[in-house]
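Let's take a look at a protein chain together. Have the sequence and the 3D view open as you read.

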Amino acid sequence: MAAAGPEIERLIQLLAKLPGLGPRSARRAALHLLTRRGQLLEPLSEAMRIACERVEVCSTCANVDTQNPCSICRDGRRDPSTIVVVEDVSDLWALERSAAISARYHVLGGTLSALDGRGPEDLNLGTLAERARAPEVKEVILAVNATVEGQTTAHYVTDLLTDAEVKVTRLAHGVPVGGELDYLDDGTLAAAIRSRTTF
């Protein structure tokens, strides 16, 4: 016997599909939204409606924005000679949050994975090859995750860009800032030793 009506159960089921929310967390979130209808639920539903109507995928880099091309691609202050390749929009947002680089981006939309049935045709690779061949582009930075799938994708992209006259680099791997060696896993330590630099 359900403790709530079908409308509330549907809300809970939809919330449970969000990353990081399981059935219990979704129930708590739904109850929180419903008990704060004026302050949270109504503004949230309006924001979601507007996002659904206005947000689109950038035809240049595959970022999400309310304009196409996106605000990053339109920004004339960014370095046009560098393209940072990321797996997902969340990775792009993380790099932007860090303010570590002011370049152009390219979102692949995932990684190559034979187990999950994702091949090159499932990723945003065709436009990357075109963009990398533009005369102003000098470097492509592979900012993919240090997973098996991420490294497989990085190798594929490197092969894809062999005839483009660009330098292909990747993010450094190893000891994080503030990290203690005793707490790091063996793979991270091995990557740090291989990627060591002059002090």
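Below is a short tour, going from the whole chain down to one residue.

## Helices and strands

Keep in mind that this is a predicted model. You'll find eight helices and six strands in the chain. Start at the N terminus and follow the elements along: the order is α-α-α-β-β-α-β-α-β-α-β-α-β-α.

## Overall shape

How far does the C-alpha trace span along its principal axes? The answer is about 60 × 45 × 35 Å. The radius of gyration of the chain is 21 Å, while a compact globule of 199 residues would come in near 16 Å.

Now for how the chain meets itself. Take the contacts between residues at least 6 apart in sequence: 47% of them join residues at least 24 apart.

Of the 199 residues, 32% count as buried.

## A closer look at Arg78

Find Arg78 in the loop between α4 (71-74) and β3 (79-86). Is Arg78 buried or exposed? Arg78 counts as buried because its relative accessible area is 8%, and the cut-off for buried is under 20%.

So who does Arg78 touch? Leaving out residues up to four places away in sequence, Arg78 touches Ile72, Glu96, Ile101, Ser102, Ala103, Arg104 and Tyr105.

Conventions: Residues numbered from 1 in each chain as written. Predicted model: local features only at pLDDT ≥ 70, side-chain atom pairs only at ≥ 80, totals over all residues. Heavy atoms only, no water. Helix = DSSP H or I, 4+ residues; strand = E, 2+ residues; numbered from the N terminus. Rg over C-alpha atoms; globule rule 2.2 N^0.38 Å. Buried < 20%, exposed > 50% of the residue type's maximum accessible area, 1.4 Å probe, protein only. Contact = heavy atoms within 4.5 Å.
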